[in-house]
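User: I have a protein model to work through. Can you take my questions one at a time?

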Amino acid sequence: MASAESKNSMANGNAVSELQIKDAQNLLPHLESLERIIKLPVVGAAWDKSQDVYGKVKGRNRVFNWALSAAEDCVARAVTTAAPIVSCLDRPIQYVDQTLVKGIDKLEVKAPIIKDTPQEIYNQAKNKVIDVVQPHIDRVVKLKTAGQQKAASLKDLAWQKANE
């Protein structure tokens, strides 16, 4: 029966792995802190990008596909094996989870920028830099203009003196 399952998993490829991963996820305790962290826009964007890269790497080459599928299978089996032990530690895990949630709440209050999307963070940083640098740029432009005017008036004066 084990060989029939392995042949089936080899034939179905990702479908069996995804099913095993879903089953393994159901064995783990629900962590609100992890859910909250993944919902942060910057973390979510990084997660989505890493999943995209992982999918491309896995789909690019049969050897990578085999190796990564084997690793996924190992992780799913490890979760299945560790689930009874983890369930015994549910209370301490929930305590740590709630402590992390409180920390995330405090962080969102003290550093509200973590709730912004990467594009908003980029725009805010760009605007801050422009606000700091723009007065200096304006001053340099004024000095340049004043220098050009002074040079032009000295040139005109020199031509007048030369013509006299």
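Here are the questions and answers, starting with the overall fold.

User: Which elements make up the protein chain, from the N terminus on?

Analyst: Keep in mind that this is a predicted model. The protein chain has seven helices and zero strands. Read from the N terminus, the order is α-α-α-α-α-α-α.

User: What percentage of the residues of the protein chain count as buried?

Analyst: Buried means under 20% relative accessible area. The protein chain has 164 residues. The share of them that counts as buried is 12%.

User: Where does α5 bend, and which proline follows?

Analyst: The bend in α5 is about 45 degrees. Its position is A82. Within four residues comes the proline, P84.

User: At the start of α5, which residue has a side-chain oxygen that reaches to the backbone nitrogen of V63?

Analyst: Look at the beginning of the helix. The backbone nitrogen of V63 has a side-chain oxygen within 2.7 Å. That oxygen belongs to N61.

User: Which residue forms a salt bridge with E72?

Analyst: E72 is one of the buried residues of α5. Its salt bridge has closest N and O atoms 3.0 Å apart. The partner is in helix α4 (residues 41–60), so the pair ties together parts that are 14 residues apart in sequence. Both residues are buried, and the partner is K58.

User: By about how many helical turns are R77 and D73 separated?

Analyst: R77 and D73 form a salt bridge, with the closest N and O atoms 2.9 Å apart. R77 counts as exposed because its relative accessibility is 53%, whereas D73 is among the buried residues of α5. The two are four residues apart in helix α5, so the separation is about one helical turn.

User: How far apart in sequence are the parts that R36 and D105 tie together?

Analyst: The closest N and O atoms of the R36 and D105 salt bridge are 2.5 Å apart. R36 lies in helix α3 and D105 in helix α6, so this pair ties together parts separated in sequence by 69 residues.

User: Which residues are linked with R36 in a network of salt bridges?

Analyst: The count of salt bridges comes to six. D105 is partly exposed, at 33% relative accessible area. The network links R36 with D105 and E108.

User: Is S33 buried or exposed?

Analyst: S33 is found in helix α3, residues 32–39. Its side chain makes a polar contact of 2.5 Å with the side chain of D97. Relative accessibility is 5%, so S33 counts as buried.

User: Where does α7 bend?

Analyst: α7 has 46 residues and reaches 64 Å between its first and last C-alpha, close to the 68 Å expected. The bend is about 35 degrees, and P135 follows within four residues. The bend is at V133.

User: What is the area of the nonpolar surface patch that includes V133?

Analyst: V133 is partly exposed, because its relative accessible area is 36%. V129, V132, I137 and V141 make the patch along with V133. The area is about 410 Å².

Notes
Residues numbered from 1 in each chain as written. Predicted model: local features only at pLDDT ≥ 70, side-chain atom pairs only at ≥ 80, totals over all residues. Heavy atoms only, no water. Patch = residues over 30% accessible without salt bridge, like charges linked within 9 Å, V, L, I, M, F, W, Y side chains within 5 Å. Areas by Shrake-Rupley, 256 points an atom, 1.4 Å probe, with all protein chains shown as cover. Salt bridge = Lys/Arg side-chain N within 4 Å of Asp/Glu carboxyl O. Buried < 20%, exposed > 50% of the residue type's maximum accessible area, 1.4 Å probe, protein only. Expected span 1.5 Å × (residues − 1). Bend = angle between axes of the 7 residues up to and from the residue. Polar contact = N/O pair within 3.5 Å; in protein donor to acceptor, adjacent residues only side chain to side chain.
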